Amino acid sequence: MLEPMDRKRKINHGIILTATLLPFLAWISRFINADFWYDEVFTLNNYVFVPLGKTVTDYAFPNNHIFFNLINNIYLKILGIRNIYPLIDHPWIIRILPLVWTSITVLYLYRICRKFLNPFIADMTLIILVTTVPYYNFALQVRGFGLSTMLLWMMLYYLWSFERNPKLVPAILLVLFTTLALYTIPLNLYFILTIALFYFLSGIFKPAPNKNRPFIIVILICIGIATAFLLYLPVIHDVLYNRFVQSHGLFHLPTLSGTMPTALKYFISGRYLLVVIIILGLIFYKKKHADLVRKTILCAALVFVPFVLSFIRGDLPHLRVFVNLVPAFAMVSSICIYFMQSNIPRLKNMLITIIILLYCNLTFALSVNHINRHLRQDISAGRKSQDIFYNYYQAYYHPSKLLRGFTRTYRTDSIPIIAYDFDQAALPVYLQRFRIRCYGPKALEPILKSHNQAYVITAFPERFRATLLQHYPEFRCQRINGQLSFHNIFLLTR
């Protein structure tokens with residue numbers, strides 16, 4: 001039977017977990033039926049709705065996150081879905097899988113912190129993770145970033161399990177998840193090499209009682225890397241020499257001066273109080289936390305060293321490559337909060353947890369609101385934002401709703417339709433789904449010369465109005481969709 005204090009702690013802990021996860025689930029639920037954007041459509045059409053052999057042998061573009069697409073391919077074949085059009089009507093069918101990967105990531109990160117750190121850090125880590133905008137943005141994307149993040153942190157869980165108790169099962173799982181993480185996205189190698197480098201150096205400069213164990217861990221990681229290399233053999237040339245991932249010369253400084261600061265700024269996600277707390281925690285940590293400090297150093301290395309490795313290699317990485325570092329950022333921040341809290345005796349765990357929970361959720365809501373305003377301004381200004389913080393397809397992007405309403409309301413047989421500015425991979429698929437015949441942007445001039453009316457679909461309405469006024473002032477321009485969105489439909493009348 002539980003003692004009264006233990007029962008109270010369990011109740012409080014359950015309340016904190018519920019208050020942490022329910023808002024996150026509510027926020028990401030807005031994406032469960034989100035329309036597909038360029039990379040998602042490209043992924044589905046080129047690597048998922050194809051024979052399994054093509055999924056594992058086509059690497060013309062690094063969009064093919066092979067293990068991720070292999071799972072999707074098998075899953076949709078089991079469901080009997082043979083093309084993208086059923087998914088356009090029910091996006092949740094495929095977005096359920098990223099939701100599973102996100103949920104498992106949250107579970108394993110929590111397990112890592114509970115088992116190897118402490119419950120307070122576990123709670124803090126989840127609070128910071130689920131209120132980090134880049135993690136939220138990628139939580140339900142039909143891309144391999146969520147799956148690779150899950151695999152990497154499962155890898156770390158079994159690595160620390162093996163380090164504590166070197167048995168066969170965690171060793172096998174360490175190798176397995178290292179392999180699968182690399183087989184999902186090759187650039188996960190930066191994350192994995194950071195861990196291998198940490199254990200190699202710790203084995204050399206600070207031998208533990210079991211001094212050979214760090215080297216055994218490095219060997220297991222190398223086995224995982226070698227196994228992934230074997231899996232990539234059918235496409236190894238494209239993986240190593242693909243024009244999108246080739247080195248642009250050693251020591252590419254913009255990676256450190258531009259990419260890294262931008263990524264870290266987005267990881268902070270407007271929670272600048274965390275920066276102050278992290279600094280205070282680093283100042284006031286106590287040497288008695290030796291193992292905790294060691295794990296903090298590893299997590300800090302995971303936040304920074306992948307950028308350094310990318311800088312050394314000289315590639316030009318997209319910011320999204322580093323989304324898998326968000327859990328490390330959350331853990332470092334949480335440990336620093338713990339260091340600070342442990343130096344202020346009157347600052348109770350529950351009190352600081354509630355303060356951080358409220359603060360992070362408030363700043364997260366403000367950040368999402370700021371992003372929505374930014375994306376709406378993009379539409380008016382003729383811009384298209386796409387990184388790990390601002391994404392044009394996550395607000396005011398509803399091609400399915402737009403075209404469904406268009407087909408119900410307007411006759412399109414006699415009036416030509418022109419797609420002028422649009423998501424070039426996604427919109428054509430939605431047009432096909434609703435059986436709408438559409439001309440490309442080059443058809444604008446000949447059609448306006450020969451017709452008195454035309455429909456034009458454009459992502460940049462104000463820019464299009466200006467173009468029309470300058471070159472075709474005889475046409476009146478009327479937007480027929482009620483609310484401004486990324487894709488808009490204009491009726492032009494002479």
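Helices are DSSP runs of H or I with at least four residues, numbered from the N terminus. The legends below describe close-up views of a predicted model.

**View 1. Helix α18 and the glycine after it.** Helix α18 spans residues 349–381, a run of 33 residues. From its first C-alpha to its last it reaches 47 Å, close to the 48 Å expected at 1.5 Å a residue. G382 follows α18 and has a positive phi, near 80°.

**View 2. The aromatic pair Y183 and Y232.** A search of the whole structure finds 38 aromatic pairs. One of them joins Y183 and Y232 in an edge-to-face arrangement, with 5.1 Å centre to centre and 65° between the planes. Y183 belongs to helix α10 (residues 168–184), while Y232 sits in the loop between α12 (213–231) and α13 (236–241), so the contact ties together parts that are 49 residues apart in sequence. Y183 and Y232 are both buried.

**View 3. An aromatic cluster, with an arginine over Y108.** Y108, F116, Y157, Y158, W160 and F177 are linked into a cluster by ring pairs. Over the face of Y108 lies R111, at 5.0 Å from the ring centre.

**View 4. R433 and the ring of F434.** R433 lies over the face of F434. The distance from R433 to the ring centre of F434 is 4.8 Å.

Conventions. Residues are numbered from 1 along each chain as its sequence is written. This is a predicted model: local features need pLDDT of at least 70, side-chain atom pairs count only at pLDDT 80 or more; totals for chains, interfaces and linings use all residues. Side-chain values use heavy atoms; hydrogens and water are left out. Rings of Phe, Tyr and Trp (its six-membered ring) pair if their centres lie within 6.5 Å; planes under 30 degrees apart count as stacked, over 60 as edge-to-face and the rest as tilted. Helices (H or I, at least four residues) and strands (E, at least two) are DSSP runs, numbered from the N terminus. Buried means under 20% relative accessible area, exposed over 50%, partly exposed in between (1.4 Å probe, protein chains only). A charge sits over a ring if NZ of Lys or CZ of Arg is within 6 Å of the ring centre and within 35 degrees of the ring normal. The expected span of a helix is 1.5 Å times one less than its number of residues.
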